Amino acid sequence: MTKTKAVVVACDVVTPYGWGIDSCWNGLLSKKTAIGRLDRFPTESFLTQNAAVVPGLTYGQDESIVIKMLTPLLQKNISSIPEDAFLILATTTGEIDKLERHVLNDSTDAASSRPHKLLEKILLLCGLSSPGIVVSAACASSSIAVAQAAGMIISGENNCVMVVACDSVSEFVFAGFSSLMALDKDMAKPFDRDRNGLSLGEASGFLLLMSKSRALRENRPVIGEIAGWGLTNDANHMTGPSRDGSGLVMAIRKALKSANVSENDIGCLSAHGTGTIYNDSMEIKALETVFGNHKVPVYSIKGGTGHTLGAAGLLEIIIAFESLNKKIVPPTVNLCNVDNEASVWVSSEPLTFDASVTISTNSGFGGVNCAVVLKKG
Amino acid sequence: MIVIKGIGWITLTEYGSIIKKLQGNYTDLKSLHSHLQHESVLKYAIKNFGRFDAASKMTCCSIALALNDAGITYSEHMKHDAGILGTNNDGCLESNLAYFKDYVSCGRTIARGNLFIYTLPSTPMAEAAIYFGFQGPLLYVKFQVNQIASMLRFAGKMILCGETSKMIAVEANEEKAVCFVLGNKDNTSTVKSLSLEDVVDTIEKISDFDKILMMLNRLLRELV
């Protein structure tokens with residue numbers, strides 16, 4: 001029997017580069033960063049005053065930042081979303097600015113910041129009829145959500161699943177990352193020898209997945225296929241990755257096996273590439289182990305968009321499909337002096353490639369790793 | 001066939017397991033840790049247990065009870081191909097409040113990293129993965145309906161999809177926890193186990209925690 005395929009039939013995103021996939025893709029190709037001076041809350045006491053935020057959103061009033069991103073984004077795409085789609089929301093902190101306001105001036109109820117309250121709002125916004133779920137797994141939240149969505153389709157549990165991902169730049173998160181000394185004083189410079197931390201970013205987006213048979217039946221444009229995935233845990237440390245990259249190696253190998261492809265089939269790789277010393281170094285070690293002499297081009301988008309936390313995986317999968325369909329490896333923004341160990345892998349310039357398979361990886365707090373294999377539709 | 005090999009549970013004052021019928025009382029979470037270590041349910045001390053938030057403490061202790069119930073051993077240097085799926089009603093709301101109130105009380109100038117790390121719903125599972133050495137998938141999922149039954153079904157699907165060979169599924173908050181060890185049925189094993197399908201069917205519509213434990217005990221009696 002032929003295995004059911006999970007294909008992406010619609011997607012959209014809002015990032016610090018602006019609204020839509022094109023603005024993000026073009027922003028990355030311009031090699032200019034969207035990270036800039038943050039004026040949402042006082043930042044003088046923190047390691048940095050920089051972050052990447054969606055232009056024009058007002059903070060601390062009315063609705064949360066993620067709802068301000070999601071409402072126009074989903075309304076614009078409402079006609080492509082079937083009523084029977086099963087919803088998966090991926091986020092780490094969701095409407096955390098509501099909890100901030102509760103503590104700061106008691107103007108909201110703290111309980112309204114719980115992620116399932118956001119899920120209910122999105123169900124209403126999209127007019128979806130069945131109950132959904134919230135998936136949270138640190139910085140791999142939305143790539144894991146996409147993997148689970150594909151699993152639901154391949155197993156026959158659903159034939160249409162929508163993954164919505166979002167996280168915002170908030171005082172709550174900014175102060176926390178600053179306390180962990182995880183922020184670069186200037187801007188994130190993934191794989192650069194002078195990198196010294198991440199820059200926070202925010203984004204919201206969605207992917208609509210269908211079984212290939214339903215997509216064909218409904219004449220949906222197929223953007224690509226979620227062909228396989230691997231999820232692992234380092235079981236090592238709460239905030240730092242395993243130094244040898246062994247957890248990520250296992251995730252990539254599981255993903256290749258589940259997609260029934262070999263490392264030689266991979267045309268390029270979207271790395272997590274946060275810009276922290278240990279993450280980027282761990283990733284390069286993992287790539288050396290898995291790919292050896294097959295020097296697949298690698299890039300990170302976080303020097304451009306900042307680290308969008310729970311939205312990062314979904315955003316990076318969308319950009320990876322763009323890359324696959326345009327046959328272009330985007331440049332790693334803010335890469336000036338490439339780290340010796342990364343020099344054969346990453347580039348500050350766009351490259352062309354010709355392959356039908358790519359892979360996107362994420363790692364996060366608690367040692368989570370996720371690798372997702374994407375194929376042309 | 002997917003089966004449930006062990007179930008551990010904790011309430012505000014009691015702890016226990018279903019298959020081995022272990023049961024005990026405790027006064028606070030520190031004493032729970034001591035009891036479980038004394039009874040060799042916890043094979044060694046949980047590092048930094050005092051620093052954990054309450055949900056992480058409940059998660060780790062309930063997993064220890066469930067693994068003990070399933071007869072699964074672990075050691076400090078052993079890693080397992082096991083995934084962990086967690087759920088609860090409120091995510092990490094209490095830890096979010098504790099962290100941000102502390103930050104505001106410090107004049108909004110410095111936050112505490114040790115409180116910040118508990119502001120992810122997946123952190124309790126991550127603490128457990130580090131302690132027990134679980135190297136499989138790790139995620140928090142909030143289900144809108146039939147929370148425990150939905151969690152079990154989801155964990156079972158992850159095994160069927162080949163994501164891992166064993167899943168630890170845990171619902172934990174500051175007041176109660178229940179943990180299940182799921183895996184493929186081993187036809188050569190003489191150890192008791194419950195069919196995932198039977199458990200899900202039995203507890204599908206039940207939300208009361210004590211009633212769920214009662215029904216699980218009844219199911220085991222019927223099996224015997």
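First, the ground rules. Residues are numbered from 1 along each chain as its sequence is written, and chains are lettered from A, with ligands numbered from 1, in the order in which they are written. Because the model is predicted, local features need pLDDT of at least 70 and side-chain atom pairs count only at pLDDT 80 or more, while totals for chains, interfaces and linings use all residues; side-chain values use heavy atoms, with hydrogens and water left out.

Let's start with chain A. Chain A has 11 helices and 15 strands. Helices (H or I, at least four residues) and strands (E, at least two) are DSSP runs, numbered from the N terminus. Its C-alpha trace spans about 60 × 50 × 40 Å along the principal axes.

Next, burial. In chain A, 68% of the 377 residues count as buried. Buried means under 20% relative accessible area, exposed means over 50%, and partly exposed is in between (1.4 Å probe, protein chains only). Chain A exposes about 12,200 Å², and carbon and sulfur atoms supply 49% of that. Accessible areas come from the Shrake-Rupley method with a 1.4 Å probe; for residues, only the protein chains shown count as cover.

Now contacts. Take the contacts in chain A between residues at least 6 apart in sequence: 79% of them join residues at least 24 apart. Contact means heavy atoms within 4.5 Å.

On to chain B. Chain B has eight helices and eight strands. Its radius of gyration is 17 Å, close to the 17 Å that the globule rule gives for 224 residues, so chain B is as compact as a globular protein of that length. The C-alpha atoms of chain B fill a box of roughly 60 × 40 × 30 Å along the principal axes. Buried residues make up 61% of the 224. Among its contacts between residues at least 6 apart in sequence, 67% join residues at least 24 apart. The accessible surface of chain B is about 9,100 Å², with 49% belonging to carbon and sulfur atoms.

How many residues of chain B are in contact with chain A? The count is 46 residues of chain B, against 56 residues of chain A. The two chains bury about 4,000 Å² between them, 67% of it on carbon and sulfur atoms. Buried area is the accessible area (1.4 Å probe) that two parts lose on being put together, summed over both. B:Phe100, B:Phe116 and B:Gln144 supply 16% of the area that chain B buries against chain A, more than any other three residues.

Look at helix H6 of chain A now. Eight of its nine residues are buried. Among them are A:Phe172, A:Phe174 and A:Phe177. What covers the buried residues of H6(A)? The cover includes strand E4 (50-51) and helix H3 (96-105) of chain A, together with helix H3 (93-105) and helix H4 (113-116) of chain B.

Just after H6(A) comes A:Met181, with a positive phi of about 60°. A:Met181 is not a glycine. This residue sits in the loop between helix H6 (171-179) and strand E8 (203-211) of chain A. A:Met181 is exposed, at 59% relative accessible area.

Chain B has a positive phi to show as well. B:Lys21, not a glycine, has a phi of about 55°. B:Lys21 lies in the loop between strand E2 (14-17) and strand E3 (23-25) of chain B. Is B:Lys21 buried, exposed or partly exposed? B:Lys21 is partly exposed, with a relative accessible area of 49%.

B:Ser56 is in helix H2 (residues 54-70). At 0% relative accessibility, B:Ser56 is buried. Leaving aside neighbours within four places in sequence, B:Ser56 is in contact with B:Tyr118, B:Thr123, B:Pro124 and B:Glu127.

B:Val181 is in strand E7 (residues 177-184) of chain B. B:Val181 is buried, also at 0%. Not counting residues up to four places away in sequence, B:Val181 touches residues including B:Val3, B:Ala66, B:Ile72 and B:Met167. B:Val181 and B:Ala155 are 26 residues apart in sequence and 9.7 Å apart in space, C-alpha to C-alpha.

Methods:
The radius of gyration is taken over C-alpha atoms; the globule rule is 2.2 Å times the number of residues to the power 0.38.
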